[in-house]
Amino acid sequence: MNRTEFIIATTIILFVAFMLGWFTHWLLHRFTRVAGGDVNEVDNLAKSLHEAEEMRDQAILYLEQREAELTNQISQSEAELRAAMEGLRESRHEAEEMRAYIERMHSTTT
């Protein structure tokens, strides 16, 4: 095999390899091609997902604010309860003192 025959054989082999590659690419592209309706459906799904994420973020923000409000109300209610209990304790103590005073006054007069 001389030099010219070697070049021609190499050229033919490279051309056949190129054609096989191109044909394979064409087949893959033909079978994996996305239809236009599918692209629109994917776009709609993406928009819906984005809207759902925004709604979720808003819901989380609302819940956090509501939780903070309720926690604040609970703290205020507990403070009011403590104040009322302290007032009741003081009133009971004063009532006991008054009973004792009345009993002493009653016992000294008789």
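Is Asp57 buried, partly exposed or exposed? Asp57 is partly exposed, as its relative accessible area is 41%. The model is a predicted one. Its protein chain contains two helices and zero strands, and 0% of its 110 residues count as buried.

**Overall shape**

- The radius of gyration of the protein chain is 45 Å, whereas a compact globule of 110 residues would have one near 13 Å.
- Along the principal axes, the C-alpha atoms occupy a box of roughly 150 × 35 × 15 Å.
- The protein chain exposes about 10,500 Å², and carbon and sulfur atoms supply 63% of that area.

**Helix α1**

- Helix α1 covers residues 3-32.
- From its first C-alpha to its last, α1 reaches 43 Å with 30 residues, which is close to the 44 Å expected at 1.5 Å a residue.
- The N-terminal end of α1 is capped by Asn2, which places a side-chain oxygen 3.3 Å from the backbone nitrogen of Thr4.
- A nonpolar surface patch of about 670 Å² is formed by Phe15, Phe18, Met19, Trp22, Phe23 and Trp26.
- Trp22, one of the residues of this patch, lies in α1 and counts as partly exposed because its relative accessibility is 47%.

**Helix α2**

- Helix α2 covers residues 36-109 and includes Thr108.
- Thr108 counts as exposed because its relative accessibility is 61%.
- The side chain of Thr108 reaches the backbone oxygen of Met105 at a distance of 3.0 Å.

**Salt bridges**

- Side chains of opposite charge can pair when their charged atoms come close.
- The structure holds four salt bridges, including the pairs described below.
- Arg56 and Asp57 form a salt bridge whose closest N and O atoms are 2.9 Å apart.
- Arg56 counts as partly exposed at 47% relative accessibility, and Asp57 is partly exposed at 41%.
- Arg66 and Glu69 are joined by a salt bridge with an N to O distance of 3.1 Å.
- These two residues, Arg66 and Glu69, are three apart in helix α2, so about one helical turn separates them.
- Arg66 is partly exposed with a relative accessible area of 35%, and Glu69 is partly exposed with 44%.
- Glu96 and Arg99 form a salt bridge in which the closest N and O atoms are 3.1 Å apart.
- Arg99 and Glu96 are three residues apart in helix α2, so about one helical turn lies between them.
- Glu96 is partly exposed, with a relative accessible area of 48%.

Definitions and conventions:
Residues numbered from 1 in each chain as written. Predicted model: local features only at pLDDT ≥ 70, side-chain atom pairs only at ≥ 80, totals over all residues. Heavy atoms only, no water. Patch = residues over 30% accessible without salt bridge, like charges linked within 9 Å, V, L, I, M, F, W, Y side chains within 5 Å. Areas by Shrake-Rupley, 256 points an atom, 1.4 Å probe, with all protein chains shown as cover. Salt bridge = Lys/Arg side-chain N within 4 Å of Asp/Glu carboxyl O. Helix = DSSP H or I, 4+ residues; strand = E, 2+ residues; numbered from the N terminus. Buried < 20%, exposed > 50% of the residue type's maximum accessible area, 1.4 Å probe, protein only. Polar contact = N/O pair within 3.5 Å; in protein donor to acceptor, adjacent residues only side chain to side chain. Rg over C-alpha atoms; globule rule 2.2 N^0.38 Å. Expected span 1.5 Å × (residues − 1).
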